[in-house]
Amino acid sequence: MLTVYNCLVTQHDLPMVGLAIAICVVASLAAISLFAHARSIQGVRRLLWIGVAAAASGIGIWATHFIAMLAFSPGIPHGYDLGL
C-alpha cells in the first residue's frame, strides 16, 4: 500500500486526480439516472434514452481517463498531439 501512495504523491498531480474522481462520480450518477428513466418508458423512445445514457457513460469514462492521464507525470518529457 505504501508503494501506491508513494507513486500517487510523487508522480501525480493530486488536484487533477481529484477532478478525475469527481467527473467519474458525476458521470456515473448521470448514467444511472438516465438508465432508470429509460426503464419507465416503453417503445422506441426507450432506445433513445438508453442511447443517451450510454453516451453519457462513455463520455464520462473518456473524460475521467483523459484527466487522469494528464495528472500523471512519469519523469520523462512527453506531450499530447491534438492533431492525431
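Of the 84 residues of the chain, 15% count as buried, where buried means under 20% relative accessible area, exposed over 50% and partly exposed in between (1.4 Å probe, protein chains only). The model is predicted: local features need pLDDT of at least 70, side-chain atom pairs count only at pLDDT 80 or more, and totals for chains, interfaces and linings use all residues. Residues are numbered from 1 along each chain as its sequence is written, and side-chain values use heavy atoms, with hydrogens and water left out.

**Secondary structure**
- The chain contains three helices and zero strands; helices (H or I, at least four residues) and strands (E, at least two) are DSSP runs, numbered from the N terminus.
- The pattern along the sequence is α-α-α.

**Packing of α2 and α3**
- Two packed helices are described by the angle between their axes and the distance between the axes.
- The axes of α2 and helix α3 (residues 44-71) come within 9 Å and cross at roughly 175°; axes are lines fitted to C-alpha atoms, for helices over the stretch in contact, and angles run from 0 to 180 degrees between N-to-C directions.
- The two helices, α2 and α3, are therefore roughly antiparallel to each other, a term for angles over 145 degrees, while those under 35 count as roughly parallel, 65 to 115 as roughly perpendicular and the rest as oblique.
- The contact of α2 with α3 involves 22 nonpolar, four polar and two charged residues; Ala, Val, Leu, Ile, Met, Phe, Trp, Tyr, Cys and Pro count as nonpolar, Asp, Glu, Lys and Arg as charged, and the others, Gly among them, as polar.

**Surface patch**
- I21, V25 and L29 make a nonpolar surface patch of about 290 Å², with accessible areas from the Shrake-Rupley method with a 1.4 Å probe, only the protein chains shown counting as cover for residues.
- Patches are made of residues with over 30% relative accessible area and no salt bridge, with like charges joined within 9 Å and nonpolar side chains (Val, Leu, Ile, Met, Phe, Trp, Tyr) within 5 Å.
- A salt bridge is a side-chain nitrogen of Lys or Arg within 4 Å of a carboxyl oxygen of Asp or Glu.
- I21 lies in helix α2 (residues 14-39) and is exposed, its relative accessible area being 53%.

**Pairs separated in sequence**
- A36, in helix α2, is partly exposed at 45% relative accessibility; A36 and W49 are 13 residues apart in sequence and 9.5 Å apart in space, C-alpha to C-alpha.
- S57, in helix α3, is partly exposed at 26%; between S57 and V26 there are 31 residues of sequence separation and a C-alpha to C-alpha distance of 9.8 Å.
- P74, in the segment after α3, is partly exposed at 32%; P74 and H12 are 62 residues apart in sequence, with their C-alpha atoms 8.4 Å apart in space.
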